[in-house]
Amino acid sequence: MKKSILLLLIILSTFPSFAQENHKAFDSGEWFRFRIHYGVFTASYATLEVKDDMINNTPVHHIVGAGKSTGLLSVFFKVEDYYETYIDKDEVKPYRFIRKINEGGHTKDIEINFDHQQSQALVFNKKHNTKKTFPIKSNVQDMMSSFYYLRNSIKTSSLKKGDEQYVNMFFDNENYRFKLKFLGREVIRTKMGKIACLKFRPYVQADRVFKEEESMTVWVSDDDNRMPVRIKADILVGSIKADLDAFKGLKYPFKIVVN
């Protein structure tokens, strides 16, 4: 696997807001662990955690994502990925994003500081010791902050099957615009029980990883937490899933479907 083992989680950042809603779906103390697997074979585990922090004298949510290969995969292709984002607690906009990865010897160590007033991002490539400023779009998000922005802003009551929306995202040194399509509601089986979910299709660019533009499906809990439950993607070497394996610190009660 030649991409980040957090890719399936981070791709959630392609989610836009369908409509603004005064709702906070998460808070500090929230923690998720995901099992990433090919069938019964576990390739890796990844975690997402929300902490309290300060940046430039501003209280922020400090979100940390980490993952590493396990078992046989770590022998043949070692992967260690680490992501951080510092986001405003009220507006859920990023102030700083950190990406530090080692994927089979391919390494990156990048820090991005966002200046929303000047509409620019300062990219510090620590590996090559270079700094460069790039223009950013309005309402821009980074890879991780986008998912948390979505969780606060999606208005589930007005979602209709086939709805499509877009979001601006800045990644490494480029601006991207992603499209997301709402596929409907579905109840899926998990190790925690049956969970009612919202089902989405992010449209991603087909390249050497994904088979085609419509190769990914994402399930998010259809409740006030709007937590990621499952991600499935068809890639060039087969089908891979990321399933919610454990959690704690949810802002709202966890619900399962009882027959």
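**Entry 1: ground rules and overview**

I call a residue buried under 20% relative accessible area, exposed over 50%, and partly exposed in between, using a 1.4 Å probe and protein chains only. By that rule, 51% of the 259 residues of the chain count as buried.

I am working with a predicted model, in which local features need pLDDT of at least 70, side-chain atom pairs count only at pLDDT 80 or more, and totals for chains, interfaces and linings use all residues. Residues are numbered from 1 along each chain as its sequence is written, and side-chain values use heavy atoms, with hydrogens and water left out.

I then looked up the secondary structure, taking helices (H or I, at least four residues) and strands (E, at least two) as DSSP runs numbered from the N terminus. The chain has three helices and 14 strands.

For contacts I use heavy atoms within 4.5 Å. Among contacts with a separation of 6 or more, 52% are between residues 24 or more positions apart.

The accessible surface, from the Shrake-Rupley method with a 1.4 Å probe, is about 12500 Å² for the chain, and carbon and sulfur atoms hold 46% of it.

**Entry 2: the cores**

Next I went looking for nonpolar cores, meaning sets of buried Ala, Val, Leu, Ile, Met, Phe, Trp, Tyr and Cys residues joined through side-chain atoms within 4.5 Å. The largest has 38 residues, and Phe97, Ile112, Phe114, Tyr148 and Phe170 touch the most other members. Strand 9 (residues 164–171) gives the most to this core, with four residues. A separate core of 16 residues includes Phe182, Met216, Val218 and Ala233.

I also checked Tyr148 by itself. Leaving out residues up to four places away in sequence, Tyr148 touches Phe26, Glu30, Leu48, Val50, Ile63, Ile87 and Val92.

I count two strands as paired if DSSP finds at least two bridges between them. Strand 5 (residues 94–103) is mostly covered, with seven of its ten residues buried.

On one pairing, strand 5 runs antiparallel to strand 4 (residues 79–88) over nine bridges, and Val79 has Glu103 as its bridge partner. Their hairpin has five residues between the strands, and there Val92 takes a positive phi near 50 degrees.

Strand 5 also pairs with strand 6 (residues 106–115), antiparallel, over eight bridges. Asn102 faces Thr107 in strand 6. This hairpin has two residues between the strands, and Gly104 takes a positive phi near 60 degrees.

I moved on to strand 9, which is joined to strand 10 (residues 174–190) by eight bridges in the antiparallel sense. Gln165 stands opposite Leu180 of strand 10. In their hairpin, with two residues between the strands, Asp172 has a positive phi near 60 degrees.

Strand 10 is in turn joined to strand 11 (residues 193–203) by eleven bridges, again antiparallel. These two strands form a hairpin with two residues between them. Here Phe182 is opposite Phe200 in strand 11; Phe182 is also one of the residues of the 16-residue core.

Last, I looked at pLDDT, the predictor's confidence in each residue, from 0 to 100. The chain averages 83, and 83% of the residues score at least 70. Where does pLDDT stay under 50? I found residues 13–21, for which the model has 44 contacts beyond four places in sequence. Residues 206–212 are also below 50, with 24 contacts in the model beyond near neighbours in sequence. Where pLDDT is low, the predicted coordinates should not be read in detail.
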